[in-house]
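The sequence and structure come first.

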Amino acid sequence: MNLKHLKFASVVALATGLATVSHAKANGVAASSSDHTETSSSVEREPGSIRAEIWPEVTAVPLDPAIEAEIDAIMAKMTLEQKVGQTMQADSGAVTPEEVKKYRLGSVLSGGNSAPGPLPYADAATWLKTADAYWEASTDDEDVEVAIPIIWGIDAVHGHTNLLGATVFPHNVGLGAARDPDLIERIMTVTAKELVVSGHDWTFAPTLAVPRDDRWGRGYEGFSEDPKIVASYSDRIVKGLQGTFGADDFMTSGKIISAAKHWTGDGATDGGRDQGDASISEEDLRDIHTTGYLPALEAQVQTVMVSFSSWQGVKMTGNKGIITDVLKDRMNFNGFVVSDWNAHGQIPGCSNTDCAQAFNAGIDMFMAPDSWKGLYESTLKHVKSGTIPMERLNDAVRRILRVKLQYKLFDRGAPSTRAGAGNTDLLANAEHRAIAREAVRKSLVLLKNNDSLLPLDAGKRVLVVGDGADSIAKASGGWTLSWQGGTHTNEEFPGGQSILAGIQEAVAAAGGTVIFDEDGTGDHDADVVIAVYGEDAYAEFQGDRPNLDFDDGDFDTALLGGYRAKGMPVVSVFLSGRPLWVNPEINASDAFVAAWLPGSEGGGISDVLFQRDPSFDFTGKLSFSWPKLPTQATLNVGDADYDPLFAYGFGLSVSDTANLGPLSEETGLDAGANQSSDILFSGGQPKGGWSLYGVIDGTQTRLNSTSWDGGDLVYSGFDRLAQEDSLRIDWLTGGPVMRLATHDRADFARQSNGAMEMSFFVRNLGDNPAKLRVGIGCEALSDCADGVPVTVASDEWQEVRLSLACFADQGADMSSVGTGFIMRSDSAASIAISEIKLAPDLDALRDCGD
């Protein structure tokens, strides 16, 4: 029953061959993509069209006759409405148990901020109570011949990180550096056990992307720029989560359903743009970006999630060639295919609530978090009209039922009745923490160790500085307790240990002393300084960046040189989701460690810094090439012009004695190159290419400063946190408009679809409440249904957050925004406004103003 690839000898051989060619290119040996692929057809083809015959052919595992017979029996009893319901997945923040029963939905997911209760995460008891409510609703057979249990999915991408007290493992970017498939399987086995505690059935993992542009905000979810590493991990991840196909542990107690994502090419988008377009060849799509899926399919991964992104201008979610012709037919995938979060709405001719095209392309289950009801109704209509053939619907339902029966869902009982459910002793227990700590040790890559500074003597006086030292949230990155992560206190990680605590543990055991000064401004005397700093947390498109210049840390790294000048050697522990240009920081450090995003076991870092055991050496090797310049975003081993600072596979051990000389600190970047269009107004000035305008009686004035008297509309500086860091606006009469606009036009479609909000701080300065109207994407408020109403009554600063989806609902084209913010008062008013920007939705509730 093992799968065999007829076109290629084996998955491993294919991946190894790719790596061999890549290394040959890196060493100057002439090699082209045709060395390991079939040449492209000379016949001109439509962009995005697939030649399935050149893709790996996978022999199907024979279907289980008993399961197929059971599917037949179930489907014979299902109504058309039930069948359509099975193809819908709603977010737990947008569906009630009663609606699950009424519409007979096939699945519920919880997005990164959609835990039950007031927080983006929840404890085991709260999760289980909600899981039981959905289960009982779905299995209530009132008015139906057969009731089909739901499966509940969640993004447990580096541990079950929306569950309070769960183990938080290093993100994949670090695990790729570990080069340890056995460790990966053990991590996933732990993750499955902890998912059962909360009643979840399904995790949207593994991510099998091959990130080729380090500007991509999801790059840390990838293991490597080299498909060989991804292929070496993918089957082991599936086995850890689901068990081994054909063995006694397959889909048994303590195992859950796995999803390989995002099919395919999401790591290849132009400019590293999340949800963007990959303008690569079909051979590169096949050989680089799909290689990692083959071992996962061989291990019988039960579900595959399709990418948001496009290939050659065609959205993957609507690409029948890649979903049906390749994945289902050529590779004989017999599980079901799920789309990503409202991704179907991005297909031309579709909306979030209507998309027959995606279903006909091969999507079996729509991830329609808040759009499921409208999508259910339109899909039902399309089936009845024949736009969606009944054969296609039956195939989708059969696939969904096949996975549910493989998972033995009908026999498992309510989530709270399953073995391990609610058992919080399984969360971050000693065994699980030991595996996470081992993963941290193995993921660290030592880039510099001049004069053999490491390992450190724990018996000395150690100064610890940096905003990452005592923040488990910063060390864990995105997808941690909340979608974007980073805003949580250490108390919210009851099973975790910060990097500082790990250092204190090691030093105390050796009789040394630790001084902690987070901002590093104190006057201290120490034998060595450990500085822990790096990127702030982010997820998905919010992590997209224009280049690789590290410029967004909250710790002043200019202080590092001062420590060395005072005779204190510096060890930098750098936290990041990708390689970044940090030449100034490396120069200011005697030792430099790429720690990636290590998670909740900070002691793993001190284990290696102090070599607390003779075996605890630096063993991590770069799975992503490290840039010499901030412009080297597409720096991949095998490139013809490959010129890294530290090459793929680099990593020192403490026995290496070579010193690293001074590095160039010339960025070559233009001023303002790091500005983001998501920040419109900050520090009292327009940002990111936005300009400030005043509009009176249809006459628009572009301003070069924030001081302007237009008569009926007056601007002036105002203080909130610093001198004139805000804008005062006085309307002498209703009607004039304050506007922030750009000639370049910004694309807010991802942000609008990704549950983001327009955020700003405002206070009332007048005698009466200010009745305002706020809009986006319109030249005048009348172009966007008069905008969203906001009443400002308080004379204290308050934050206003308005869901971007509200503006989209009013007709704003969020994919081409010329006006990022427009505000009008209905009458005379005076306000102060500050920090206008796009921000993540903190409570997953749509806010459309008054």
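## Disulfide of Cys350 and Cys355

Cys355 counts as buried because its relative accessibility is 1%, where buried means under 20% relative accessible area, exposed over 50%, and partly exposed in between (1.4 Å probe, protein chains only). Its partner is Cys350: the two form a disulfide with sulfur atoms 2.2 Å apart, a disulfide being a pair of cysteine sulfur atoms within 2.5 Å. Cys350 is buried too, at 15% relative accessibility. The angle about the S-S bond is 65 degrees, and the link of Cys350 and Cys355 is right-handed.

This is a predicted model, in which local features need pLDDT of at least 70 and side-chain atom pairs count only at pLDDT 80 or more, while totals for chains, interfaces and linings use all residues. Residues are numbered from 1 along each chain as its sequence is written, and side-chain values use heavy atoms, with hydrogens and water left out.

## Disulfide of Cys806 and Cys848

The structure holds two disulfides. Besides the link already described, Cys806 and Cys848 form a disulfide, with 1.9 Å between their sulfur atoms. The pair links distant parts of the chain, 42 residues apart: Cys806 is in helix 23 (residues 804-809) and Cys848 in the segment after strand 31 (829-840). Helices (H or I, at least four residues) and strands (E, at least two) are DSSP runs, numbered from the N terminus.

The link of Cys806 and Cys848 is left-handed, with -85 degrees about the S-S bond. Cys806 is buried, with a relative accessible area of 4%, whereas Cys848 counts as partly exposed at 33%.

Arg801 sits in strand 29 (residues 798-803). With a relative accessible area of 16%, Arg801 is buried. Its C-alpha atom is separated by 9.5 Å from that of Pro840, 39 residues apart along the chain.

The side chain of Arg801 makes a polar contact with the side chain of Glu757 at 2.6 Å. A polar contact is a pair of N or O atoms within 3.5 Å; within protein, one must be able to donate a hydrogen and the other to accept it, and residues adjacent in sequence count only if both atoms are side-chain atoms. Another polar contact, of 2.8 Å, joins the side chains of Arg801 and Glu799.

## Glu492, buried without a salt bridge

Glu492 lies in the loop between helix 17 (472-476) and helix 18. Glu492 is buried yet has no salt bridge, and the nearest side chain of opposite charge, Arg801, is 15 Å away. A salt bridge is a side-chain nitrogen of Lys or Arg within 4 Å of a carboxyl oxygen of Asp or Glu. For charge, Lys and Arg count as positive and Asp and Glu as negative; His and the chain ends are not counted.

The side chain of Glu492 does have a polar contact of 2.5 Å with that of Tyr121. Leaving out residues up to four places away in sequence, Glu492 touches Tyr121, Leu164 and Leu481, contact meaning heavy atoms within 4.5 Å.

## Salt bridges

Side chains of opposite charge can pair when their charged atoms come close. By the rule used here, the count comes to 45 salt bridges. One of them joins Asp213 and Arg215, with the closest N and O atoms 2.7 Å apart; Asp213 is buried, with a relative accessible area of 4%.

Arg578 and Glu535 meet through their side chains in a salt bridge (3.1 Å, N to O). This pair links distant parts of the chain, 43 residues apart: Arg578 is in the loop between strand 16 (570-575) and helix 20 (583-587), and Glu535 in the loop between strand 15 (528-534) and helix 19 (559-565). Both Arg578 and Glu535 are buried. Elsewhere, a network of salt bridges links Lys328, Asp364, Arg392, Asp395 and Arg399.

Helix 16 (residues 430-443) has 14 residues and reaches 20 Å from its first C-alpha to its last, close to the 20 Å expected at 1.5 Å a residue. The expected span is 1.5 Å times one less than the number of residues. Its buried residues include Ile435, Arg437 and Val440. The buried residues of helix 16 pack against elements including helix 7 (181-198), strand 12 (445-449) and helix 18 (499-510).

A salt bridge joins the side chains of Glu505 and Arg437 (2.9 Å, N to O). Glu505 lies in helix 18 and Arg437 in helix 16, so the pair ties together parts that are 68 residues apart in sequence. Glu505 is partly exposed, with a relative accessible area of 32%, while Arg437 is buried at 16%.
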